[in-house]
Amino acid sequence: MSKIYDSYFYNIKDIDRTDGAYKELEVNQEVPAQKLKIPELLKPDNQTETDTFYTVEARTGETQFLPDKKTKTFGYNANYLGKTIVFENGKNIHINLKNSLPILTTFHWHGLNVSGPIIDGGCHAPVYPGETNHIDFTVDQPAATLWLHAHPCPATAQEVWKGLATMVLIKDKITDQLPIPKEYGIDDIPLILQDRNFHEDNQFNYRKDYDPDGTLGTVPLINGTINPYFEVKTQKVRFRILNGSNRREWRLHFSDDLTFAQIGSDGGLLEEPVYMKKLMITCAERDEVVVDFGNYQPGDQVILYSDKTPILTLKIHNFKKDSDNLPDHLVDIVDHPVTENTKIHEVLMSGMDETVAINGKKFNMQRIDDRQQVGNTEYWDITNNNEVDGGMIHPYHMHGTLFKVVSRNGKAPYPNELGLKDTISVNPNETVRIKVTCPKTGVYMNHCHILEHEDGGMMAQFEVFDPNHPKEYRLMDMNTLMQAFAKELKIPESEVWLGGMDSYEKTNTEM
Ligand SMILES: [Cu+2]
C-alpha cells in the first residue's frame with residue numbers, strides 16, 4: 001500500500017480561521033435532509049462527428065433553498081448554478097453565449113485552453129442584456145474538471161454569489177479507458193462547494209454580506225443543496241470537487257477517518273493517485289477523489305465534513321463488490337524543459353481588505369503588466385507577503401495556461417499538486433515557483449481567486465505574444481462598463497455599487 005497522508009499540508013497558522021471576520025459553517029436546522037442535486041448535462045443544440053454546438057444561457061431564476069419563499073438567483077440554463085457542459089478533446093466547439101439577465105455578464109472558461117481575451121471570457125468580453133455572442137474553438141487538452149463562471153469587473157463576486165458558476169468536463173480517450181469510476185450521476189459525481197447567507201424573505205443580500213477580504217456564508221450549499229445526502233450504489237465513487245466559494249477554504253475529511261485517493265486536480269488526472277485522509281481545497285481549485293466504500297455494509301452512513309461541520313451524508317446501499325485497485329499509474333503529464341537562463345516573472349500579492357494589489361498596483365483593464373512568448377516555458381514566482389499571523393492564503397489563478405508547480409519557498413510542492421494546475425494557493429510569507437507554458441496568444445488575466453480580492457484589484461494581465469505575428473488588442477475600459485451597469489440598473493452612474501469599487505475608492509485608485 002502507498003503512503004497515506006494525514007495532513008492538510010498547510011500550516012495551521014495560515015488558514016482562514018485566523019482572520020477576525022471568519023465564520024464557521026453551520027448545519028441549517030430549517031431544512032430536512034434532501035437528495036444531493038446532480039446538475040443535468042447540457043444537451044448540445046446539434047452535433048456531428050467533428051463539431052458540437054451549444055447554447056449557454058445566463059438567466060434569472062427562483063430556487064427553493066429554504067422552506068417557504070424561494071430565493072432569486074442566477075444560473076446557466078438553470079435557476080441556480082447550471083447544467084454540466086461536456087467537451088470532448090479534439091472536437092470543434094461552437095457556443096452561443098446568451099445573456100438573458102438584466103445586467104451585463106461575461107462567460108469565463110476557467111482552465112480551458114482557448115485564446116484571450118474574448119473567447120477566454122474575462123472582463124474584455126461583456127455580453128450585454130438581451131444579446132448573444134458567439135465563440136468557436138477546438139478542444140486541445142487532456143480530460144479534466146473545469147468550470148464556467150461570470151468574470152465582469154468589478155462584479156465577478158456578486159454574479160457568482162447569485163449563482164453564475166457551473167462545471168465543465170473535458171473527456172478524452174485515454175481517461176475513458178482507465179479503470180476509474182466514470183458514469184456521470186452514478187459513480188462520477190460533481191460536488192460544487194459554496195457557502196451562503198439568507199436574509200429577509202430567504203433572499204441573498206450580497207451587499208449586506210460583502211467583505212473586502214472575501215464574503216463568507218454560514219450555510220453550506222453542495223450543488224445548491226442544503227443538508228444533502230447521496231445514495232452510494234457502487235463500491236467506488238469519484239467526486240469531482242470544485243471550490244466555487246467566493247472566499248472559503250474547505251478542509252474535507254470523512255467520518256471514521258476514511259482514506260481516499262486523490263486522482264486529479266485542476267488540469268486533469270495526476271500521474272499517480274495520492275492516498276489521504278484530509279484535503280484542503282482553496283477557491284477555484286478542483287480536486288478529483290475516489291472513495292472506496294468496500295468496508296461498509298448496506299445501511300451504513302459515511303459523513304463528509306469540512307472542519308467540524310457535516311456537509312454531505314453518504315448512504316450506503318447494496319453494491320456489487322469489486323476487488324480492483326486503482327491503477328498505480330494514471331496518465332503521463334508533459335513536463336516542458338527549462339534552462340539555466342529561463343526567464344523568471346515576479347508576482348507579489350500584497351495587502352489585505354481594500355489595499356490588495358499585485359506588484360503594488362491595482363488592476364487596470366487598459367494596462368498590460370507582463371508578457372510571455374507563446375509556446376515558451378518560463379518561471380513565475382508568486383509571492384504572498386502577508387504576515388504569517390493574521391495573513392491569508394491567496395489562491396493565485398492564471399488564465400491561458402495549465403502550469404506545473406516547482407517549489408514552495410524552495411521546498412518540494414505538496415504531493416497532490418504535482419499535476420497540471422491553473423490555481424495555486426500561496427501561503428502568507430511564501431513564494432511558490434510555477435512553470436508556465438502558454439499555448440495560445442492573447443491577453444489574459446492573472447489574479448487572486450478570492451473573488452472580492454480580484455474585484456478589489458488584486459489582479460493583473462499579461463500578453464502571450466507571437467513575435468512573428470504581433471497583434472493589437474482593443475481592450476475594454478471601466479467607463480464603458482460603468483455606463484452600461486448604470487443604464488441596466490436604471491440609476492445614475494454615481495449610485496452604482498459593485499463590490500470591488502470600494503477598494504479603488506478607499507485607496508484613491510482609478511479603476
Ligand atoms: Cu487574495
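Which residues touch the most other members of the largest nonpolar core? They are V168, I192, I263, V289, I382 and I434, in a core of 117 residues, where a nonpolar core is a set of buried Ala, Val, Leu, Ile, Met, Phe, Trp, Tyr and Cys residues joined through C-beta atoms within 7 Å.

## Basis of the description

This is a predicted model, in which local features need pLDDT of at least 70 and side-chain atom pairs count only at pLDDT 80 or more, while totals for chains, interfaces and linings use all residues. Residues are numbered from 1 along each chain as its sequence is written.

Helices (H or I, at least four residues) and strands (E, at least two) are DSSP runs, numbered from the N terminus. A residue is called buried if 20 or more other C-beta atoms lie within 10 Å of its own, exposed if 12 or fewer, and partly exposed in between, with C-beta atoms placed from the backbone. Two residues are in contact if their C-beta atoms, likewise placed from the backbone, lie within 7 Å, and two strands pair if DSSP finds at least two bridges between them.

## Domains

The protein chain is divided into domain 1 (4-176), domain 2 (188-316) and domain 3 (344-475), with bounds that come from an automatic or database domain assignment. The centres of domain 1 and domain 3, taken over C-alpha atoms, are separated by 21 Å.

Between these two domains, 27 residues of domain 1 are in contact with 29 residues of domain 3. On the domain 1 side, helix α1 (residues 156-162) gives the largest share, three residues. By class, that side has 11 nonpolar, 11 polar and five charged residues, where Ala, Val, Leu, Ile, Met, Phe, Trp, Tyr, Cys and Pro count as nonpolar, Asp, Glu, Lys and Arg as charged, and the others, Gly among them, as polar.

## Strand β18 and its partners

Strand β18 (residues 260-265) is mostly covered, six of its six residues being buried. A hairpin joins β18 to β19 through two residues, and β18 pairs with strand β19 (residues 268-276) in the antiparallel sense over five bridges, with F260 standing opposite M276. Strand β21 (residues 286-292) also runs antiparallel to β18, to which three bridges join it; here Q262 has V289 as its bridge partner.

I263, one of the core residues named at the outset, touches I180, L269, L270, P273, E288, V289, V290, L326 and L330, not counting residues up to four places away in sequence. L330 itself has its place in the loop between β23 (309-316) and β24 (344-350), and it counts as buried because 21 C-beta neighbours lie inside 10 Å. With the same exclusion of residues up to four places away in sequence, L330 touches L178, I263, L269, L270, E271, E272 and P273. L330 and L178 are 152 residues apart in sequence, yet their C-alpha atoms are 7.4 Å apart in space.

Strand β13 (residues 188-196) is largely enclosed by the rest of the structure, because eight of its nine residues are buried. With strand β16 (residues 236-243), β13 pairs in the parallel sense over six bridges, and P190 stands opposite R240. With strand β14 (residues 219-222), β13 pairs in the antiparallel sense over four bridges, and L193 stands opposite I222.

An open sheet of six strands has the order β2-β15-β23-β22-β17-β20, with mixed pairing. Its edge strands are β2 (34-35) and β20 (279-281), each of which pairs on one side only. Two bridges join β2 to strand β15 (residues 228-232), the two running parallel, and K35 stands opposite Y229 in β15.

N92 is found in strand β8 (residues 92-99) and counts as partly exposed because it has 13 C-beta neighbours inside 10 Å. Leaving aside neighbours within four places in sequence, N92 is in contact with T50, D51, D136 and T138. N92 and E49 are 43 residues apart along the chain, and their C-alpha atoms are separated by 9.6 Å.

Helix α5 (residues 478-489) has 12 residues and reaches 16 Å from its first C-alpha to its last, close to the 16 Å expected at 1.5 Å a residue; the expected span is 1.5 Å times one less than the number of residues. K490 follows α5 and has a positive phi, near 55 degrees.
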